[in-house]
Amino acid sequence: MKHLYVHVPFCQRRCSYCDFSIAARKRVPAREYVDAVLRELTLLGTTDPGREPGDVGGENLETLYLGGGTPSLLPPDAISALLTSLLDVFRATSSRAVFEVTLEANPEDVTPDSARAWRRAGINRVSLGAQSFDNRVLQWMHRSHDATRIGDAVRTLRVAGFDNISLDLIFAIPAEVERDWARDLDLACALLPAHLSLYGLTVEERTPLARWISRGATSAPNDERYAEEYLLAHGRLAAYGYHFYEVSNAARHGHRSRHNSAYWSGRAYLGLGPAAHSFDGRVRRWNLPAWEAYRRAVAAGRSAVDAEEVLTEEQLALERLYLALRSDAGLPRSACPADRLTAWRGEGWVDVQGERVVCTPEGWLRLDALVSDLTNLGRAV
Ligand code: SF4
């Protein structure tokens, strides 16, 4: 297995829009967590008959991603112990230059000591949950940092030796919050991150945001605002030298996320930790989402897998179609019927680059409709 994801479920508190399976904790049970993940690893192949030996080492690992939740809530020595044990099992690729190890971090967890310790532990990429540079917006989101912490965190990471820093931002926030999206983009770019991930706000059931909307305290995000801010981001980031290589992700040259690119090119990956997903090219498995249920299962020597689905040829073809169109790899021209291609180009939804058909920003705004258009024609990649 060349791509490993490790899910860390702990957060200080729940953000207003988040429905992830998190465990809100003031004190993170770091030792129990690390033990549980390593225990899950030893159980692979014994409790899950579908697993192959390659799932638990053997190949040279190319990317390792600590996501969450808030992985930066783990004490640095727990992160170090976890990475050391994982790399004992999964050999890192022989070229350290191409081995990408990402830590998702919240700005308030970045201190000179933690940043140096992460670097020593082998982390070489940090994805910061910035979300906005406006304190009112951050409070509305129930984030636990203020705007000044974002710049402080980026500078601290740089001093510790990190040059591969990504910032997450959320857009399409309801109008009454009066968020200035252009200002946030400018402030983010002024920090010169290598990479930016932009996510449109969505309303998930059983979140504070869904409750606010249902009682009329705030309006629902709307499609017009989403489209307007999405297109604004494309123009702005292009001017700052970023290239959108995927519908939600933009990077400076040479700084695409290798881990996420593996997902988007349909490669196999292994996920460890509660709620983590794995994919071997045909079977998708996902772990028990709740931390306590996960911990009890692996402690008792049971599989952490909650469920799995075996993808049919049709589902795999549909996934390939989505994945191709959502990234700048695009579709082979031969997979796009001539009448569709002419119509889509006429609307400005795709460009033809050599033998590939690649979505424009306007095309990415209607990705579902484009895929549905093709699948209704009975075509696939
Ligand atoms: S920090 Fe991330 S995972 Fe945790 S509650 Fe907020 S959005 Fe969800």
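Phe171, Trp181, Tyr226, Tyr230 and Phe244 are joined by ring pairs into a cluster. Please keep in mind that this is a predicted model. In total, 14 aromatic pairs are counted.

| Aromatic pair | Centre to centre | Angle between planes | Kind |
|---|---|---|---|
| Tyr33 and Trp291 | 6.1 Å | 45° | tilted |
| Trp291 and Tyr294 | 6.3 Å | 35° | tilted |

What does the first pair tie together? Tyr33 belongs to helix 1 (residues 30-43) and Trp291 to helix 10 (residues 291-299), so the pair links parts that lie 258 residues apart in sequence. Both of these residues, Tyr33 and Trp291, are buried. The second pair stays within helix 10: Trp291 and Tyr294 are three residues apart there, about one helical turn. Tyr294 is buried, as is Trp291.

Three strands make up an open, antiparallel sheet, in the order 12-13-14. Strand 12 (277-279) and strand 14 (305-310) are at the edges with a single partner strand each, so one side of each has no neighbour in the sheet. On average, neighbouring strands here are turned by 15° against each other, direction ignored. Three bridges join strand 12 to strand 13 (residues 283-287) in the antiparallel sense, and Ser278 stands opposite Arg285 of strand 13.

Finally, charges over rings. The charged end of Arg284 sits over the ring of Phe279, 4.8 Å from the ring centre. Arg119 likewise has its charged end over a ring, that of Phe162, at 5.2 Å from the centre.

Definitions and conventions. Residues are numbered from 1 along each chain as its sequence is written. This is a predicted model: local features need pLDDT of at least 70, side-chain atom pairs count only at pLDDT 80 or more; totals for chains, interfaces and linings use all residues. Side-chain values use heavy atoms; hydrogens and water are left out. Two strands pair if DSSP finds at least two bridges between them. Helices (H or I, at least four residues) and strands (E, at least two) are DSSP runs, numbered from the N terminus. Axes are lines fitted to C-alpha atoms, for helices over the stretch in contact, and angles run from 0 to 180 degrees between N-to-C directions. Rings of Phe, Tyr and Trp (its six-membered ring) pair if their centres lie within 6.5 Å; planes under 30 degrees apart count as stacked, over 60 as edge-to-face and the rest as tilted. Buried means under 20% relative accessible area, exposed over 50%, partly exposed in between (1.4 Å probe, protein chains only). A charge sits over a ring if NZ of Lys or CZ of Arg is within 6 Å of the ring centre and within 35 degrees of the ring normal.
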